[in-house]
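Hi,

Here is the structure I promised to pass on.

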Amino acid sequence: QLQLVESGGGLVQPGGSLRLSCAVSGFTLDYYAIGWFRQAPGKEREGVSCISSSGGSTNYADSVKGRFTISRDNAKNTVYLQMNSLKPEDTAVYYCTAGGSSCLDPVDDYWGQGTQVTVSS
């Protein structure tokens, strides 16, 4: 059974850092591209970042470029989102997704349950 489980969310002050993890099961990371989406209350869902199934291609939303880094550990079947220089506007529920193979494909076939990130002083 395909499953994605996020962890690592929490409360952090502006300027701080968090690392989100997405542990996948039921497939290996070289099968699907993995994406991170977020949704804040009252706002539309936003694609944040993606890593291709080969791991050779990544992309980022303009709003997080230079601050967030996506990576993966094939041995642990886990994808990470390192978030630095966090801002209050980064507050949202963050979801890990899987689908396609390229970040040019839709990568939202499968979803995790989400993890809350709150940036506040």
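Let me start with strand S8 (residues 78-83), where five of the six residues are buried. Buried stands for under 20% relative accessible area, exposed for over 50%, and partly exposed for what lies in between (1.4 Å probe, protein chains only). Strands, like helices, are DSSP runs numbered from the N terminus (E, at least two residues, for strands; H or I, at least four, for helices).

Before going on, please note that this is a predicted model: local features need pLDDT of at least 70, side-chain atom pairs count only at pLDDT 80 or more, and totals for chains, interfaces and linings use all residues. Residues are numbered from 1 along each chain as its sequence is written, and side-chain values use heavy atoms, with hydrogens and water left out.

S8 has two antiparallel partners to look at. Strands count as paired if DSSP finds at least two bridges between them. S3 and S8 are joined antiparallel by six bridges, with alanine 23 opposite threonine 78 of S8. Strand S7 (residues 68-73) also runs antiparallel to S8, again over six bridges, and serine 71 has tyrosine 80 as its bridge partner. Four residues separate S7 and S8 in their hairpin, and asparagine 77 in the turn has a positive phi of about 50 degrees.

Tyrosine 80 has another contact: arginine 19 lies over its face, 4.1 Å from the ring centre. The criterion here is NZ of Lys or CZ of Arg within 6 Å of the ring centre and within 35 degrees of the ring normal.

Now to the aromatic pairs, of which the structure holds five. Rings of Phe, Tyr and Trp (its six-membered ring) pair if their centres lie within 6.5 Å; planes under 30 degrees apart are stacked, over 60 edge-to-face, and the rest tilted. One of the pairs is tyrosine 32 with tyrosine 110, tilted at 55 degrees, with 5.6 Å from centre to centre. Tyrosine 32 sits in the loop between strand S3 (18-25) and strand S4 (33-39) and tyrosine 110 in strand S10 (residues 110-111), so this pair ties together parts 78 residues apart in sequence. Tyrosine 32 is buried at 15% relative accessibility, while tyrosine 110 is partly exposed at 33%.

Tyrosine 95 and tryptophan 111 make an edge-to-face pair, because their planes are at 70 degrees, with centres 5.7 Å apart. Tyrosine 95 belongs to strand S9 (residues 92-99) and tryptophan 111 to S10, 16 residues apart. Finally, Phe27, Tyr31, Tyr32 and Tyr110 form one aromatic cluster.

Best wishes
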